[in-house]
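Have the viewer open as you read.

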Amino acid sequence: MEDSSQWLKMILMIVVLSWLQILGLASAHGRARDDAHPLSKINIHKTTLALRDSVSIKASPSLLGSKGEDIEWVTVNLVNPDPSEDDWVAVFSPANFNSSTCKPENDEVAEPYICTSPIKYKYANYSNSEYTKTGKAVLKFQLINQRADFSFAVFSGGLSNPKLVAVSNYITFANPKAPLYPRLANGKSWDEITVTWTSGYGIHEAVPFVEWGLKGETKTRSPAGTLTVDQNSMCGSPARTVGWRDQGFIHTSFLKNLWPNAVYTYRMGHFLSNGSGVWSKTYSFKSSPYPGQDSLQRVIIFGDMGQAERDGSNEYGNKSPGALNTTDQLIKDLKNYDIVFHIGDMAYSDGYVSQWDKFTAQVEPIASTVPYMVASGNHERDWPDSGSFYQFTDSGGECGVLAETMYYVPAENRAKFWYSTDYGMFHFCIADSEHDWRQGTEQYKFIEHCLASADRRKQPWLIFAAHRVLGYSSNAYYAEEGSFEEPMGRDDLQKLWQKYRVDIAFFGHVHNYERTCPIYQNQCVNSETSHYSGTMNGTIHVVAGGGGHHLSTFSTVTPDWSIFRDLDFGFVKLTAFNHSYLLFEYKKSSDGKVYDSFTISREYKDILACVHDSCAPTTLAA
């Protein structure tokens, strides 16, 4: 009995180790070794005081947004008689960042002088290579309205051993509490759209609402609900400690009973307790077509974009070097698409909460104009013992709370980030790869119900999307693991994709672009590469994770099912011309040109036609 017991223990240990190895690969392929957030490089708790009257730092202008602007450039003049190449300038908000703002409980043995991360930083010699000789620098920072004032601090000693040398004057926006950064999203019915925005007004101070209506016609007002996020709702550090920053108030209003294909204007407002009102800018959007409507419909899909700094702060090029290119191309092409799907890894804030404001500001021209639908990724959700499927620290302690609050999705439970949504002839099933999707789980049942509910005569184009690659990818890490997928990814789901004839399955997580042939059980079921017609007997899998974060390398081996690969930043555009013809295009963010494409043409009978594992048993009985 003792021998058999020992054997059982050994077998159990092998199984556990194998499982941990699989999970390790699953986490590793999504991020490079140098993927640490730039702000995490600052050893802010170790700051010591070395204030010098001889050092001068001044910021101007002192008042921002006097004409209603929510983004402004600030000039910082630095004079330092004792300059060093490792001097750096940090932006703090709120402006008062000393130990009086620290929570009583702290992991440090001694109370730190500074217990909160700056929102961005630059080295003092960023714009003047002669700084170490002259001791003078002029730095330009771009600031967004983040509901508080700002100050600039000079440090010596580099990022690892910071010494506070001088602090600037305080500067502020004219109305730090202003309603800002609207994000549109589909509601739970086709004729409903939601407007979510951020402000500094709590419900005891002001009543939030949206004023809206058909362009040029009388407007109506819809109330908004208000959510907040507190520090104690974070699951761990840095989000719960040095990375925390108050996110203000998140408001969502539901605009209902919209006419199809109509242009509406809207603005967010707050009625203050003194009877006055505060208003945002006026925006516009085009409402969704009726499900099944035959008209031109255009969709953008990508993942893993991230937030980047236009002023060069935070050494952003090492983190999300393609984010601004993707953002700018989508802004440039805004009139030529109708809805966006950002399938996970949005801001890459990684527990530095201030970055969410900057991300919403970055995508505001897009998200304020078309529905900006999102999915949950590892950098939004994953944290040990928090209910996520993967027990890693990729979210920096946010454990999904920020993503679920900052962005509305039409899910039954926003903590379970799966949902369905329609846009005309498209039916979308958005899965949450950070929760268990395998057969028998709650999410698996949702996925099957979502796929089964598509009326393919009215909505012929059935799209599945998730963050991690639950389908096919020849990313280098997946190749090393041997399955060319997320471990256990497609084992159960491929039966559903085949049964319900999913046209295209989209994934992010891997930071490149790749397209497969129509495939089922590792086998190409169609030899065409650029035009598919008639019966579709497999699903095309697309990795569109090149939204902007650092790129992921491919395997040196190209599998037979891999039709096109590109190691660059880009996004996908789908154009449905009618019920029978779909155009797929992959565009690079650098120039907006098409580098890969294919078309699908078919009739309704082609969707009904039985292929392997797609039809229920039949009888020949008359």
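First, pLDDT is the predictor's confidence in each residue, on a scale from 0 to 100. For this protein the mean pLDDT is 92, and 92% of the residues reach 70 or more. This is a predicted model, so local features need pLDDT of at least 70 and side-chain atom pairs count only at pLDDT 80 or more, while totals for chains, interfaces and linings use all residues. Residues are numbered from 1 along each chain as its sequence is written, and side-chain values use heavy atoms, with hydrogens and water left out.

**Where to be careful**

Over residues 7-33 pLDDT stays under 50, and the model has 28 contacts (heavy atoms within 4.5 Å) beyond four places in sequence for them. Residues 105-109 also stay under 50, with five such contacts beyond four places in sequence. Where pLDDT is low, the predicted coordinates should not be read in detail.

**Two open sheets**

Now for the strands. Helices (H or I, at least four residues) and strands (E, at least two) are DSSP runs, numbered from the N terminus, and two strands count as paired if DSSP finds at least two bridges between them. As a reminder, strands of a sheet pair through backbone hydrogen bonds, either parallel or antiparallel.

Another open sheet has three strands, β2-β4-β7, and here the pairing is antiparallel. The edge strands are β2 (56-60) and β7 (136-144), each pairing on one side only. N77 is a handy landmark: it is the bridge partner of K58 in β4, and its own bridge partner in β7 is V138. Further along, I71 has I144 of β7 as its bridge partner.

**A covered strand**

What about β12 (residues 193-199): how many of its seven residues are buried? Seven of the seven are, where buried means under 20% relative accessible area, exposed over 50% and partly exposed in between (1.4 Å probe, protein chains only). I193, V195, W197 and S199 point one way, T194, T196 and T198 the other way. A hairpin through six residues joins β11 to β12. L184 stands opposite V195 in β12, and T194 has F254 of β15 as its bridge partner.

| Strands | Bridges |
|---|---|
| β2 and β4 | five bridges |
| β4 (residues 71-79) and β7 | nine bridges |
| β11 (residues 180-186) and β12 | five bridges |
| β12 and β15 (residues 249-255) | seven bridges |

**Two helices**

Helix α4 (residues 354-362) has nine of its nine residues buried, so it is largely enclosed by the rest of the structure. Among those buried residues are W356 and F359, but also D357 and K358.

Helix α8 (residues 442-452) has Q443, Y444, F446, I447, C450 and L451 buried. Seen down the axis, these fall within an arc of 160° (taken from the directions from the helix axis to the C-beta atoms), so they line one face of α8. An α-helix has 3.6 residues a turn, so residues three or four places apart point the same way. K445 and H449 are exposed on the face of α8 turned away from its buried side. As for neighbours, the buried residues of α8 pack against β22 (419-423), β23 (426-430), β24 (461-466) and α10 (493-499).

**The cores**

A nonpolar core is a set of buried Ala, Val, Leu, Ile, Met, Phe, Trp, Tyr and Cys residues joined through side-chain atoms within 4.5 Å. The largest has 71 residues, and F341, Y372, F506, L574 and F584 touch the most other members. Leaving out residues up to four places away in sequence, F506 touches residues including I301, I343, F464, V542, L574 and F584. Apart from this core lies another, of 28 residues, among them V469, Y478, L493 and V543.
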